[in-house]
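Please look over the sequence and the structure shown here before reading the report. The notes after it take up one region at a time.

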Amino acid sequence: MVRHVAEIPRNERLQRAARRGMHVLAAAAALGAILELTLRMLLGLGSPLLYRTDTHFGYFPKENQHLRRFFVEIDTNLFGMRSDPVPAMKASDEYRILFVGDSVPFGTTYVDQKAIFVEQIAARLGSDAAVPRVQVLNASAPGWAPSNELEFIRARGLYHADMVVLVYNTKDLTQPFARYYGSPNFPLQNPPTAIGELWSRYLPPRILHAPVAADPGSTESEGPPSTNDAQRVLQTVEATRQLVSSQGARFVILFCPAVTADVRRYQPAWDQALLNLKNWATQQSVPVLDMTTVLTSHDAEYVYFDGIHLRQTGDQLVADAFVKWISAEFLKH
């Protein structure tokens, strides 16, 4: 016999409601646990790339990280470089190349470790019997400016490199020192949960149309390049050249253009800033490997994620061009 609600004693109704509530909570907890496990196991959320702050050069990836996020591998060695393990001292028969730059040589966390152009260069040169024994290092951090890179070299040295390749993009030509500030994109420690990272870092820009968290090197207003800022950067590049040369290494610049809408809006002014850099480089006998023709000869969607950061295809183009250039340099000697 079915009783009406009014006939059920109050205590029994409360017990039934409590049991239903417990069942709902248990189901929600189970779903949450499944989601948390799925985000961790499938996407690697909850274990982002971590950073350390530094009083000299701002910040740098934390050392000895071995991550798999968004189906790609991300590794940092003992020195925080996105490179294979490397001893502090090099072998006597080894030629060591140190790349220093921002997120362009670092590669995004959407490109597998082996696919970023620095790693492709290392693999290609390591298997080329026509060149010396070569080891390639990648000392880079997303958002860095030329002044961060100069301070890194001052603080850390060259790791006994024979060649130092500074990787600049268009915005670097005027970018001031990038100081660390709290951002979900540059965590100093793991978030408590993968769900929390998904919410704080990825969902708001896509669902709530919240502002995307900028990296420390993207806080400038989008406008024409400042002549004064460009001159200060050029002075920084000269100071970097002097420091590298004083330690007996060759100084090289690798330039990867940005093709974003704000850069194109003021393209003549950015072209002039690049020309000024090239004129200085000619005076100082510094090779400038300009990837503009290499990259812009293809559709931007094929080469870039966002007009700045390279897809795997863009990394391949840069690696091909650099290997061709340095192989010819080795043959000269």
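The report covers a sheet, the helices on it, a hairpin and a pocket.

## Basis

The structure is a predicted model.

## The five-stranded sheet

Five strands form an open sheet in the order β6-β5-β7-β8-β9, and their pairing is parallel. At the edges are β6 and β9 (288–290), each of which pairs on one side only. From one strand to the next, the twist averages 20°.

Strand β7 has pairings with β5 and with β8. Four bridges join β5 to β7, and the two run parallel; here L98 stands opposite V164 in β7. The pairing of β7 with β8 (residues 250–256) is also in the parallel sense and extends over seven bridges. V165 has V252 of β8 as its bridge partner, and V167 stands opposite L254 in β8.

## Burial of β7

Seven of the seven residues of β7 are buried, so the strand is largely enclosed by the rest of the structure. Both of its faces are covered. M163, V165, V167 and N169 are buried on one side, and V164, L166 and Y168 are buried on the other.

## Helices against the sheet

Helix α3 (residues 117–126) lies across β5, β6, β7 and β8. Its direction is at about 170° to β6. Helix α4 also packs on the sheet, where it touches β5, β6 and β7, and its direction makes about 160° with that of β7.

Helix α4 spans residues 146–156, and its buried residues are P146, S147, N148, E149, L150, F152 and I153. These buried residues pack against the strands β2 (58–61), β5 (94–101), β6 (133–140) and β7 (163–169), and against α6 as well. After α4 comes G157, which has a positive phi, near 85°.

## The β1–β2 hairpin and Y51

Strands β1 and β2 run antiparallel and are joined by four bridges. A hairpin of three residues connects β1 to β2. Within this pairing, T53 stands opposite Y59 in β2.

Y51 belongs to strand β1 (residues 51–54). Is Y51 buried or exposed? With a relative accessible area of 5%, Y51 falls under the 20% cut-off and therefore counts as buried. Beyond its neighbours within four places in sequence, Y51 is in contact with Y59, F60, P61 and K62, with P142, and with N185, F186, P187 and L188. The C-alpha atoms of Y51 and Q189 are 7.8 Å apart, although 138 residues separate the two along the chain.

## The second largest pocket

Rolling a probe the size of a water molecule over the atoms shows where empty space is left. The second largest pocket holds about 240 Å³ of space. The elements giving two or more residues to its lining are α6 (227–246) and α8 (267–284).

Which element gives the most to the lining of the second largest pocket? That element is α6, with six residues. The lining has 17 residues in total, and A230, Q231, Q272, A273 and N276 lie nearest the centre of the pocket. By class, 11 of the lining residues are nonpolar, five are polar and one is charged.

Methods:
Residues are numbered from 1 along each chain as its sequence is written. This is a predicted model: local features need pLDDT of at least 70, side-chain atom pairs count only at pLDDT 80 or more; totals for chains, interfaces and linings use all residues. Side-chain values use heavy atoms; hydrogens and water are left out. Buried means under 20% relative accessible area, exposed over 50%, partly exposed in between (1.4 Å probe, protein chains only). Contact means heavy atoms within 4.5 Å. On a 1 Å grid over the protein atoms alone, a cavity is a set of points where a 1.4 Å probe fits but cannot get out, and a pocket is an open set with protein on both sides within 12 Å along at least five of seven lines; lining residues have an atom within 4 Å of a point. Grid points are joined across faces, edges and corners, and a volume is the space filled by probe spheres set on the points. Ala, Val, Leu, Ile, Met, Phe, Trp, Tyr, Cys and Pro count as nonpolar, Asp, Glu, Lys and Arg as charged, and the others, Gly among them, as polar. Two strands pair if DSSP finds at least two bridges between them. Axes are lines fitted to C-alpha atoms, for helices over the stretch in contact, and angles run from 0 to 180 degrees between N-to-C directions.
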